[in-house]
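Here is a friendly walk through one protein and the ligand it holds. Take a moment to look at the model before reading on.

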Amino acid sequence: VRAIGFSKDFAGKRILVTAGATQEAIDPVRYITNHSTGKMGYEIAKAAHFRGAEVTLVSGETALSVPPGIEFVQVISAEEMYRACTELASSCDVIIKAAAVADYRPAHTAEQKMKKGGELTIPLIQNKDILKELGQVKRSGQILVGFCMETQNLLENAEKKLNAKNLDMICANTIGTPGAGFGTDTNTITLLTKNGAKIPLPNMSKFDAGMKILDEVLKLNGEK
Ligand code: CTP
Ligand code: CA
């Protein structure tokens, strides 16, 4: 019902959205992950669909239902997300990486369930930085948007990531304030663009925040 009246200003555009946390297997019954629930990414995907975009949602495991009308790719690990994204990226006009990708994975996944006993150390190795790699192969006209969550120096770190990953925009996520962060239906974010704009958004639903992100994407597209 909410879709009625939305202008189809993303008609003809292909958008790739990633969402949710990745899971990095320790053994067949255990994994490393984070608190991401996928809500922000799913709401962006819905908003883009309502505005007429052709949307592909690459998602880690979540408790959310698949939004209608979009292409859905289920992944588990960061490595699977990397493969899905690199395969899809070149055909997309806009890429929005809301997923919380695990930075590390166990160096080896045990084939059998590990048994307890004594102190345990699990060696970890770094996952590929999907966003950074997409930034390196970004084609002209393509818009690349990242997310960033920090517990300190949010805007400073967001700006560093914007530059280091060759992004057009980064959405800096507030953590620790009411109605923002993991699992909530609302969010408080600041959009930083490569043109130096800093746009603090008030607390709003994740759907509305998704709409604002898409508004800025269109502006960036026009400025190219
Ligand atoms: N990201 C990614 N692949 C990774 C890690 C992060 O694509 N292996 C993306 C996330 O989807 C997000 C952005 O990079 O859009 C920023 O993620 P964040 O965790 O805030 O930054 P990192 O670069 O991983 O740095 P750190 O965790 O050390 O702060
Ligand atoms: Ca990280």
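## Around the ligand

Strand 9 gives the largest share of the shell around ligand 1, with 4 residues. Keep in mind as you look that this is a predicted model. Altogether, 15 residues surround ligand 1, and the closest are Lys-97, Val-101, Ile-130, Leu-131 and Gly-146. Both helix 3 (130-136) and strand 9 (143-149) supply at least two residues of that shell. What kinds of residues make up the shell around ligand 1? They divide into 8 nonpolar, 2 polar and 5 charged.

Now for the database record. In an unreviewed entry, UniProt places the feature "binding site" at Asp-103, Lys-113, Phe-147, Lys-161 and Lys-165. These positions are spread over 63 residues of sequence, and in space they are up to 37.7 Å apart between C-alpha atoms.

Two of the lysines in that record, Lys-161 and Lys-165, can be set side by side. The contacts listed leave out residues up to four places away in sequence.

| Residue | Location | Contacts |
|---|---|---|
| Lys-161 | helix 4 (residues 154-164) | Gly-146, Cys-148 and Ile-170 |
| Lys-165 | loop between helix 4 and strand 10 (169-173) | Leu-131, Lys-132, Gly-135 and Gly-146 |

Is Lys-165 buried or exposed? Lys-165 counts as buried because it has 21 C-beta neighbours inside 10 Å, and the cut-off for buried is 20 or more. Lys-161 has 19 such neighbours, so it counts as partly exposed.

Key:
Residues are numbered from 1 along each chain as its sequence is written. Chains are lettered from A and ligands numbered from 1 in the order in which they are written. This is a predicted model: local features need pLDDT of at least 70, side-chain atom pairs count only at pLDDT 80 or more; totals for chains, interfaces and linings use all residues. A residue is near a molecule or strand if its C-beta atom, placed from the backbone, lies within 6 Å of it. Ala, Val, Leu, Ile, Met, Phe, Trp, Tyr, Cys and Pro count as nonpolar, Asp, Glu, Lys and Arg as charged, and the others, Gly among them, as polar. UniProt positions are given in the numbering used here, feature names are shortened, and annotations may be inferred rather than shown by experiment. A residue is buried if 20 or more other C-beta atoms lie within 10 Å of its own, exposed if 12 or fewer, and partly exposed in between; C-beta atoms are placed from the backbone. Two residues are in contact if their C-beta atoms, placed from the backbone, lie within 7 Å.
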